[in-house]
Amino acid sequence: TDVLGNRVYANPVLFEVGSPWWTAWWFIILTLCLVGLISYGIVHFILRRQRRIINLEEEQAREMARLKLSGLRAQMNPHFIFNAFNSIQGLIAENRNRDARKYLNKFAKLMRSTLNHSNKDLILLDEEIDSLKAYLEIEQLCKPGQFHYELIIGEKLQSEEFQIPPMIIQPFLENAIKHGFKQY
């Protein structure tokens with residue numbers, strides 16, 4: 001003790017201050033593992049998301065193809081095709097080969113134009129009118145003497161410049177012919 005009565009320590013306590021804990025080897029390894037795990041998680045998330053997007057796009061493409069095929073089938077009614085072939089076969093059976101060839105040629109042109117137009121958004125009105133004429137002539141063959149038609153196009157409508165979606169008028173004609181001649 002000193003003169004005033006305070007206790008005095010003869011040996012001071014010595015201690016050593018080490019480097020900060022964030023510079024320790026175990027902390028650096030733990031941090032690297034954590035950064036690697038987070039990076040893996042982010043990359044995995046992005047890849048899964050891209051796979052889902054690709055799968056969704058493929059599914060949409062398949063659905064579009066199915067809808068286009070469905071639309072093409074709807075454009076050319078299978079019943080109409082069957083009736084057209086039966087009518088042509090009837091002409092052959094009646095030995096009217098010239099008429100059969102004529103209508104078979106019209107039918108082939110109609111099928112070609114339908115297939116050519118099926119992948120277009122718009123076609124010229126002239127092209128649609130040609131398809132409608134072929135369709136109506138074949139319908140007349142299938143229903144001989146039941147109807148006559150006349151296509152009248154307004155003078156102000158320049159059909160060689162005007163564009164419309166393909167096969168937009170044909171379903172109306174088909175319904176008119178199919179339902180317009182029912183006997184009540």
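1. Contact means heavy atoms within 4.5 Å. Helices (H or I, at least four residues) are DSSP runs, numbered from the N terminus. What covers the buried residues of helix H2 includes helix H3 (97–117) and helix H4 (125–142); buried means under 20% relative accessible area, exposed over 50% and partly exposed in between, with a 1.4 Å probe and protein chains only.

2. This is a predicted model, in which local features need pLDDT of at least 70 and side-chain atom pairs count only at pLDDT 80 or more, while totals for chains, interfaces and linings use all residues. Residues are numbered from 1 along each chain as its sequence is written, and side-chain values use heavy atoms, with hydrogens and water left out.

3. Helix H2 comprises 16 residues, 78–93. From its first C-alpha to its last, H2 reaches 22 Å, close to the 22 Å expected at 1.5 Å a residue; the expected span is 1.5 Å times one less than the number of residues.

4. Which residues of H2 are buried? They are Phe 80, Ile 81, Ala 84, Ser 87, Ile 88 and Leu 91. Seen down the axis of H2, these buried residues fall within an arc of 125 degrees, so they line one face of the helix. The arc is that of the directions from the helix axis to the C-beta atoms. On the other side of H2, Pro 78, His 79, Gln 89 and Ala 93 are exposed.

5. After the helix, attention may turn to the backbone. H2 is followed by Asn 95, whose phi is positive, near 65 degrees.

6. How many salt bridges does a search of the whole structure find? The search finds 3, a salt bridge being a side-chain nitrogen of Lys or Arg within 4 Å of a carboxyl oxygen of Asp or Glu. In one of them, the side chains of Glu 137 and Lys 106 meet at 2.5 Å, N to O. Glu 137 lies in helix H4 and Lys 106 in helix H3, so the pair ties together parts that are 31 residues apart in sequence. Glu 137 is partly exposed, with a relative accessible area of 22%, and Lys 106 is partly exposed, also at 22%.

7. Salt bridges that share partners join Glu 94, Arg 96 and Asp 99 into one network. Glu 94 pairs with Arg 96, the closest N and O atoms being 3.2 Å apart, and Arg 96 meets Asp 99 at 2.9 Å, N to O. Glu 94 counts as exposed at 52% relative accessibility, whereas Arg 96 is partly exposed at 37% and Asp 99 is partly exposed at 25%.

Conventions
Helix = DSSP H or I, 4+ residues; strand = E, 2+ residues; numbered from the N terminus.
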